[in-house]
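Please view the sequence and the model together while reading the points below.

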Amino acid sequence: MSDATPFVTVIGLEVHVQLLTRTKLFCGCSTKFGAAPNTQVCPTCLGLPGSLPVMNRRAFELAVRAALALDCTIAPFTKWDRKNYFYPDLPKGYQISQFDLPFSSDGHLEVVDPKGAFAPRNVGIIRVHLEEDAGKSMHDEAAGTGDSRIDLNRAGTPLCEIVTQPDLRSPQEARAWLNELKLLLVYLGVSDCNMQEGSLRVDANVNLHIPQPDGRIAKTPIVEIKNMNSFRSVERALTYEAARQWEEWRETKAEMGKTPKQTRGWDDPAGVTRAQRHKEESSDYRYFPEPDLVPVTVSEQDVAAARAAMGTPPTELRRDLETTWKISAYDADVLVNQGRELVDYFEEVATKVGEGKVASNWLQQDVLRILKETGGSITDFRVRPAVLADLIGRVTRGDFDTSRGREILAQMVADGRPLDEVVAGMGIAAVSDDDVISLCRELLADNPKIVADVKGGKEQAAAGLIGQAKKKNPNVNPGKVRAICLDLIRAMP
Amino acid sequence: MQPLELSAVDLVAALRQGDVTAVQCATAFLDRIEATNPAINAFLHVDREAALSRAADIDARRRAGKPVGPLAGLPVALKDVLCTADMPTTCASKMLAGYRPPYDADVVARLRRADAVFVGKTNMDEFAMGGSNENSAFGPVHNPWDHSRAPGGSSGGSAACVAADMAPVAIGSDTGGSIRQPAGLCGITGLKPTYGRVSRRGLIAFASSLDQIGPMARSAADCALVMETIAGHDPGDSTSLTTEVPRYTDLLDKPLTGVRIGRVPEHFAAGLDPEVAKGVEEAFAVLKAAGATVHDVRLPHAKYGIPTYYLIAPCEASSNLARYDGAHYGHRETAPAGGHRETAPAGGHRETALAARAAGAAAGFESPLVEMYCRSRAEGFGPEVKRRIMLGTYALSAGYYDAYYAKALRVRRLIRQDYLDAFQTVDLIGGPVSATPAFKLGEKTDDPLAMYLVDLYTVGTNLAGVGGISFPCGFTKSGLPIGFQLQAPPLAEPLLLQAADRFQRLTDWHRRRPKAAGEGRA
Amino acid sequence: MGTESRTSAAARPLSSADVAKVASLARLALGDAELARMTGELSKIVGFVSMLGEVDTSATAPLAHPLDTQNVFRDDVPAESLTTAQALQSAPRHDGECFLVPAVLGDSGAA
């Protein structure tokens with residue numbers, strides 16, 4: 001905070017993630033994305049008369065896994081509640097959720113920026129609970145009808161709701177934290193956190209804390225922001241909203257508590273938040289215990305088993321890579337952020353090469369670049385870890401230099417031929433020391449001026465010999481050529 | 001041989017032995033329905049052709065030596081609260097008039113697999129809310145013993161159809177007494193099993209923590225036969241018990257020696273009709289003569305049963321019935337009664353929608369969608385249903401939840417504990433099922449509270465989640481049936497059926513039949 | 001979450017404003033006569049059920065389920081869904097793919 005920004009932006013997030021189950025939370029309908037409307041529905045998720053819910057065990061397991069990853073306490077006894085309201089995408093007229101006894105609470109997730117754009121921020125998690133998703137309501141204004149079209153394929157999909165403490169202090173932190181959350185949940189196989197497909201949704205609560213001359217902190221009314229469709233939108237929306245609230249404060253001096261919590265929708269094309277229609281009365285959801293579902297108990301053994309099955313979360317993985325392979329925090333971050341499969345690939349390469357830094361460089365500068373260009377994934381990458389390790393080994397050995405190595409890699413990616421074949425095809429062959437020496441003698445004989453310059457003290461003139469050397473024999477190692485030429489020149493009378 | 005005169009047990013045996021065919025059997029009952037239903041109005045839907053076709057199929061299979069189910073050829077009536085994929089399921093409500101579910105209730109599927117022949121769907125109080133079957137959108141049911149009187153409710157149609165020989169067996173549902181009380185008023189036997197004994201999947205929900213499906217027939221033995229088919233675990237119902245289903249029919253013939261039956265002195269307070277009191281005391285005497293012992297027990301919180309029930313049930317109902325909003329099924333109304341303001345007739349237009357919105361706003365609705373909800377539900381539901389939805393919504397709403405709904409849940413625990421305590425000293429609790437015999441149609445319809453009190457003796461069973469059976473124990477001077485109720489600890493259906501069966505071997509109240517249709521006292 | 005306090009308000013007679021508010025929550029359109037009648041009936045019923053206030057429940061937990069069952073689950077295995085035709089078969093209005101309802105123009109619906 002400074003004179004330029006005389007307020008603190010206080011942000012809390014409410015995140016909904018769809019769990020990676022095959023079927024819905026209370027019925028056996030598929031949860032596959034992209035199906036034709038109303039093809040993945042049954043009496044239960046349609047809310048037909050007489051239908052009943054039965055809890056998906058895997059959904060509960062994944063929810064517990066998410067909560068453990070967020071360092072939450074798992075409640076030994078948890079129950080389900082009905083949240084009652086009327087909306088066409090909610091066919092039962094209530095959502096089965098959790099109200100007063102969520103299955104987990106009191107966790108945290110830290111976000112660290114390896115580039116140091118902000119200090120590490122540990123964000124508290126108030127609760128993580130399990131609930132069912134609603135269907136989709138589509139209104140096509142352009143079609144000119146007065147109807148909304150309701151597709152209930154999504155109704156009943158298992159959702160984890162993650163509610164944070166208002167611990168975030170900037171839109172950048174919020175975006176980074178969401179990336180960290182996504183990474184964590186993807187790593188653990190809990191969700192694919194794909195905002196475009198709706199498997200991750202975010203609402204934000206934001207207000208400003210403004211220190212007053214008398215020492216008191218004035219707080220602007222909390223605004224809930226909805227309709228942000230990407231992490232970038234979240235950052236943009238929060239940036240806009242903070243500025244808007246600051247202007248509003250300057251004009252009205254309106255403080256929190258005197259007005260009801262406002263909801264504003266983010267309009268991404270226009271780049272503004274807009275107040276949503278004020279509801280006549282605040283929603284009274286009339287929560288009560290769901291009579292069709294029995295409570296769930298979780299023992300300490302259950303929690304231990306869930307932890308054991310969890311897998312390694314990204315924070316731990318970053319630390320492991322740094323320690324084991326002596327790579328920098330930045331490098332570890334880049335690798336881990338690419339996902340488990342890439343980390344596995346890296347570790348295999350590093351093991352075979354016997355060293356981490358060079359493997360990390362090849363992965364970051366070359367493999368990831370190629371993947372980005374081709375849009376491929378590491379699992380489909382043609383060059384398997386053992387082959388890349390072999391390539392790296394040969395470069396280290398001096399069979400050819402790095403730029404040749406890159407050419408070889410590109411060739412292998414392009415036509416899938418084995419390493420030896422590509423090497424041979426490019427006419428790359430090891431050049432014996434004797435051949436290098438005789439080549440150097442030739443060069444020196446051809447370049448008396450360069451010899452004279454070097455003898456006169458200008459060692460850098462030897463660089464002029466490299467290009468010629470490569471023309472004569474592309475397989476020579478430039479470093480070797482330079483070194484041997486210099487030696488020969490020094491040895492000259 | 002007259003199928004109409006046989007018990008379900010004997011009918012099934014006769015069918016098996018080939019003394020009668022399924023078609024003959026079905027025809028007899030369908031003819032009876034045709035003759036009698038106009039005066040009784042027990043049935044909302046009868047599909048003669050389908051029933052006969054099914055019966056014919058069963059006969060053909062039997063002739064061909066193919067296996068048939070344990071109830072093969074037995075005509076069964078289903079309360080219209082049970083989902084049937086091949087028949088409408090209306091809950092006697094305009095809201096679901098003509099509604100056809102795309103699936104069968106678990107109980108319906110089980111009965112189908114057992115080769116029962118469904119003769120039709122029976123009338124009921126709308127959405128199972130009522131104690132007289134006067135809350136039906138399709139007319140009240142008339143008590144076969146006296147057509148000017150109510151059969152009880154909400155399974156009034158099921159009770160009346162058995163009493164009038166329109167079916168040997170009917171399936172009902174019981175949330176606060178809706179099987180037992182009409183059974184009592186109609187002189188038949190009705191069983192509400194322990195909560196969770198029979199799957200609720202496909203039972204259109206009224207109050208989820210109280211609802212149970214059960215058999216209604218002329219005898220405990222017939223109920224036992226049906227229970228063997230309908231009881232059992234259903235993985236599609238999370239509240240369904242996994243306990244194995246006993247062979248109820250095998251367990252019937254046991255003496256009552258040493259069985260301790262509780263008698264609750266508070267049951268005999270003022271308000272209990274003297275003839276009913278007398279009939280009930282005589283029933284205790286019969287049971288004693290059969291070897292049982294009778295002991296006083298207390299159910300200290302019994303008097304709080306009605307207010308507890310009339311909080312919990314409407315609260316759950318207000319939520320269960322929220323799905324009836326005209327959006328995905330059921331009755332939809334978008335314009336005021338008599339008006340015509342379809343928002344989008346066959347591809348409506350935005351202008352129409354905007355005009356509709358303006359008009360709706362003028363009428364006080366915040367949007368055409370909300371107007372649709374409000375009008376559909378106002379048109380689709382009858383007054384009692386609306387009353388209970390309102391009561392439940394109120395009692396769950398912010399500021400009232402603790403005083404009403406949460407309070408009722410606490411008292412419920414006390415009521416349940418009363419039962420568990422009582423069952424430490426007795427094996428069964430006996431007593432009246434209704435304070436009066438069948439009352440006149442229209443007698444209680446002006447006073448909702450008076451109607452609620454007809455459940456006085458039955459709500460405790462549902463609140464505690466235990467089982468109860470009612471059966472006839474006598475008749476009033478004017479020829480109206482008097483019912484007796486036994487309640488038992490959880491999963492003691494065998495004892496309930498055994499005791500009722502033993503009573504029915506020693507008496508023949510259950511064999512009495514009302515005068516033929518059309519001769520009932522007007 | 002932020003719902004209002006759920007702690008008890010003393011039982012008091014219902015006004016027609018109270019009843020109108022409940023009707024709105026319950027999405028029931030009530031005419032004036034019906035509202036008046038409902039107010040009387042509900043007041044009477046609420047007065048009656050308020051007798052539960054006599055019972056000392058200070059040491060008693062609520063009983064939401066009559067069963068002691070816990071931990072009922074199903075496996076994450078696909079089961080047969082309905083066809084679209086079946087799903088829409090009772091829809092008051094549909095377009096062959098989706099249910100059709102009056103649009104709530106410019107509103108985003110409930111939370």
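This is a predicted model: local features need pLDDT of at least 70, side-chain atom pairs count only at pLDDT 80 or more; totals for chains, interfaces and linings use all residues.

Residues are numbered from 1 along each chain as its sequence is written, and chains are lettered from A and ligands numbered from 1 in the order in which they are written.

**Contact between chains C and A**

- Chain C contributes 37 residues to the contact and chain A contributes 44 residues; two residues are in contact if their C-beta atoms, placed from the backbone, lie within 7 Å.
- On the side of chain C that touches chain A, at least two residues each come from strand E1 (73-74), helix H3 (84-88) and strand E2 (99-102) of chain C. Helices (H or I, at least four residues) and strands (E, at least two) are DSSP runs, numbered from the N terminus.
- E2(C) provides the largest share of that side, four residues.
- That side of chain C comprises 20 nonpolar, ten polar and seven charged residues. Ala, Val, Leu, Ile, Met, Phe, Trp, Tyr, Cys and Pro count as nonpolar, Asp, Glu, Lys and Arg as charged, and the others, Gly among them, as polar.
- E2(C) also pairs with strand E10 (residues 147-151) of chain A, in the antiparallel sense over four bridges; two strands pair if DSSP finds at least two bridges between them.
- Opposite Asp147(A) stands Pro102(C) in E2(C).

**Domains of chain A**

- Chain A is assigned domain 1 (8-302), domain 2 (312-425) and domain 3 (433-491), with bounds from an automatic or database domain assignment.
- The C-alpha centres of domains 1 and 2 of chain A are 38 Å apart.
- Seven residues of domain 1 of chain A contact eight residues of domain 2 of chain A.
- Helix H3 (residues 171-187) of chain A supplies the largest share of the domain 1 side, four residues.
- The domain 1 side has seven nonpolar, no polar and no charged residues.

**Strand pairing within chain A**

- Strand E3 (residues 73-74) of chain A pairs with strand E7 (residues 104-111) of chain A in the antiparallel sense over two bridges, and Ile74(A) has Ser104(A) in E7(A) as its bridge partner.
- E7(A) pairs with strand E8 (residues 121-132) of chain A, in the antiparallel sense over seven bridges; there, Ser104(A) has Val128(A) in E8(A) as its bridge partner.

**Pro38 of chain B**

- Pro38(B) lies in helix H2 (residues 22-40) of chain B.
- Pro38(B) is exposed because 11 other C-beta atoms lie within 10 Å; a residue is buried if 20 or more other C-beta atoms lie within 10 Å of its own, exposed if 12 or fewer, and partly exposed in between, with C-beta atoms placed from the backbone.
- The C-alpha atoms of Pro38(B) and His142(B) are separated by 9.8 Å, and these residues are 104 residues apart along the chain.
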